[in-house]
Amino acid sequence: DTPIVRAYAGDDGRQNRVIVDGQREETFEYATSLSETANECDVAKAANAQQLVQRVVDGRNATVLAYGQTAAGKTHTIDGLLPTVIDRIFKATNEGDFETSEVSVSYLEIYNEQVRDLLVPAPVQTDPDRPPPQPKALNLQNRLQGGVTVVGLSE
C-alpha cells in the first residue's frame, strides 16, 4: 500500500507538519518557502543574495547550494538565481573603491555520487545507434592545507 502523506503549513510559515497515513506526524522547520509564482527577485531575496554578494566583494568565498529530490526545481532555481547574484557582484565591484578585482565562478552538480562540471558543455550525440555519451565525472581530493577540492573543475 502506498502511504497517504498530507502536509500542513504552520501559522508562522516556517513550522510545518507532515502526517503519514493519518498516524505518524513529523514536524520540520525551514528558512523560507516560495510559491510557484515567485520571480528571480523573490528567490534572490529569500536566498539572502545580498549577503552572498557582500562576501565576494569582501574577498571571501560564497556558495549557493540547492538540495532536494529529483525534479524538485533545484536547477531551475539556481539558473534563475545565479545571473542575479553575478550581476550584483559585478555592479558592486565596479562601484567599489577597487584598483582591480577578480571574480571566478564554478558550477557543479552532484548526482548519483558523480560530480559533473556544469560549465563544460555536455558531450554531443554523434551516433544515434549508440547510447548518448556521458559527461566526464570529476574526482574529489583532500588538500594538504585542509579542505576538499574538485580536480579538473573549471572556473
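How close do the axes of α2 and α3 come, and at what angle do they cross? They come within 9 Å and cross at roughly 45°, with axes taken as lines fitted to C-alpha atoms over the stretch in contact and angles running from 0 to 180 degrees between N-to-C directions. That makes α2 oblique to α3, since oblique covers whatever is left once angles under 35 degrees (roughly parallel), over 145 (roughly antiparallel) and 65 to 115 (roughly perpendicular) are set aside.

A word on the model: it is predicted, so local features need pLDDT of at least 70 and side-chain atom pairs count only at pLDDT 80 or more, while totals for chains, interfaces and linings use all residues. Residues are numbered from 1 along each chain as its sequence is written, and side-chain values use heavy atoms, without hydrogens and water.

Let's step back to the whole chain. Three helices and seven strands make up its secondary structure, counted as DSSP runs (helices H or I, at least four residues; strands E, at least two). From the N terminus, the order is β-β-β-α-α-α-β-β-β-β.

Now return to the helix pair. On the α2 side, A49, Q50, V53, V56 and V57 meet L81, V85, R88, I89, A92 and T93 of α3, where contact means heavy atoms within 4.5 Å.

The largest nonpolar core holds eight residues: V43, A44, A49, V53, V57, L81, V85 and I89. Such a core joins buried (under 20% relative accessible area, 1.4 Å probe, protein chains only) Ala, Val, Leu, Ile, Met, Phe, Trp, Tyr and Cys residues through side-chain atoms within 4.5 Å. At least two of its residues come from each of α1 (40–46), α2 (49–57) and α3 (74–95).

Methods: Buried < 20%, exposed > 50% of the residue type's maximum accessible area, 1.4 Å probe, protein only.
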